[in-house]
Amino acid sequence: MLEIQRIRQHPDKVKEAMKAKGEKETDLVDQVLETDEQWRKTVHQLDQLRNESNTRAKQIGVLMGQGKKEEARNVIRETGEMKQEVKQLEEQVRGLLRKRDDLLLKIPNIAHGSVPVTKDPSGNEVVHTRGKPLETDDDRYKPHWDLVSDGGWIDFERGAKVTSAGFPFYIGPAARLQRALIQFFIDKAVEKGYVEMMAPYFVNEHSARGTGQIPDKEDMMYVIPRDGYFAIPTAEVPVTNFHRDEVLKADALPLRYVCYTPCWRREAGSHGSDVRGLNRLHQFDKVELVKLVRPDTSYEELESLRRDAEELLEALELPYRTLLMGTADMGFTQSKKYDLEVWSPGQKKWLEVSSCSNFEDYQARRMMIRHKKDDGKTEIVHTLNGSGLALPRVMAAFLETHQQQDGSVVIPEALQPWIHTDRLEL
C-alpha cells in the first residue's frame, strides 16, 4: 500500500494516478485523509490524557507523605477514571488505524513516471521485438489444439471429465516437453544467481493480502473455506511473503529467488477463442522470478529481470515482442510493468507469456519487509517479480512454431540437453 505521508502531502496527485489506472473511486483518498485526521487527533488526546494521569499519579505518594489522605484518595479516584478513559481512547485509536489501513489497501499503486498514461490497451508501447513472426497463407502451421489432438499429447476432454474445463492432461511427449521446459527455466535462472526455492501451494489470507491479491483479485482465486486457505495463483505470493515481518541485514540485498509451482486461477469471465486449448487454463505450471532489492536499484533490477525472461524465449527460438504497459493495462499493484508476448503461427496472434513488474515499496509495506541501510536506519525494500516463464502459452507457441509437416516437433539446440532428443515424434 502507499505510504500515508505520500497521500497527506500529495492527495491530488494520488487521485490523478488512480484515474490513470481506471479507478473511479478517488473519494477513497478523502476518506483516508479524514480517518487519518481523526486518528491523529485521538492519538493526541490519548497522549495528553496519559501524561496527565501519570502526573496526577505521582502526586499520590507526595500527598500521603504529607498526611493528606483525603486528597490522595481523590487523586486515586481521578486517576482510576482516567485509566478507563485511556482504555476507551486506545480502542478508538486501534479502530481508526484499522479503518485507515483497510481504506489504504483499496488505493492502487502509483505508476512510475516513465509509464505511458493510456485509456486502453492500444496505448501499450512495443519497446523491443526479436525474430520474425511466421506468416503463411496455407494451413501448414496448425493451431496447437489440433496438433496435440492428432498426436494424443494433451487431453482436454478427459481433463474436463475428471475436473472441469481448463484442467488438461499432458501425455507422453507433451508431458516430457513440459517437464524439460520447467527444468530448463529453473537451471537458467540459477546460472544467473537466483536461489531455487520450493514453496507451499496454499497460502493464508494474510499472505494473499500482502502481495495484493486481496482486496483486488479475490474472484480470481480458488478458496479452501474449511481451512481458510487460498490455492496460489502464482508463486509470487508465497515467495514474496517468505520474508514478511523481517528486517534484513544491510548486506543481504539483493535477494533473487526462482520457484516452480503449479498455479490456480478461476479466470472468471473469460470466454471465446482466448480460452481455447492452452490459451487460458485454470491450472497451469509456471516458473517465477522474485526479487527483493534496495529502492535505489529497483529499476535497474527491473531491466535485468526483463532480459532474464527474454533470453529464455531467444534460447527457444521463438519470435517475441516486449511491451511497456500503459496505465490502463497495468494492474492494481504495479508501478511499472513489461509484458512479453510470443508469436503463435497457428493462431496468427501474439500470446502473453510473461509479465515483469516493479512494485516499488507497495507490497513490502503491506508485509513490513525492511532492510538495514548502511547508516543503521531501516527502510522498506522494493519487490519485483516476473514469469520466467509461464508454461501454457509457451508450450502452445513452441509446438506451433517448431512443428513439421509430418506432425513431429523439432527441439531447438539449447533445450536438447534437458529433453535428450532433437525431435518429438507422433
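K372 sits across from T378, a residue of strand 15; strands here are DSSP runs of E with at least two residues, and helices are runs of H or I with at least four, numbered from the N terminus. Strand 14 (residues 370-372) and strand 15 run antiparallel and are joined by 3 bridges, where a pair of strands needs at least two DSSP bridges between them. The model is a predicted one, with local features kept at pLDDT of at least 70 and side-chain atom pairs at pLDDT 80 or more, while totals for chains, interfaces and linings use all residues. Residues are numbered from 1 along each chain as its sequence is written, and side-chain values use heavy atoms, with hydrogens and water left out.

The sheet itself is open, with 3 strands in the order 8-14-15 and mixed pairing.

Now the pockets. A pocket is an open set of points on a 1 Å grid over the protein atoms alone, reached by a 1.4 Å probe, with protein on both sides within 12 Å along at least five of seven lines; lining residues have an atom within 4 Å of a point. The largest pocket holds about 1,300 Å³ of space, the volume being what probe spheres set on the points fill. Its lining has 44 residues, and R265, R280, E352, S355 and R393 are the closest to the centre. Strand 13 gives the largest share of that lining, 8 residues. By class, the lining of the largest pocket splits into 15 nonpolar, 13 polar and 16 charged residues, with Ala, Val, Leu, Ile, Met, Phe, Trp, Tyr, Cys and Pro taken as nonpolar, Asp, Glu, Lys and Arg as charged, and the others, Gly among them, as polar.

The second largest pocket has about 250 Å³ of space. Helix 4 provides the largest share of its lining, 4 residues.

There are 31 salt bridges in the structure, each a side-chain nitrogen of Lys or Arg within 4 Å of a carboxyl oxygen of Asp or Glu. In one of them, E303 and R306 have their closest N and O atoms 2.9 Å apart. Both residues belong to helix 11 (residues 298-315), 3 residues apart, or about one turn. E303 is partly exposed at 26% relative accessible area, whereas R306 is buried at 13% (buried is under 20%, exposed over 50%, partly exposed in between, with a 1.4 Å probe and protein chains only).
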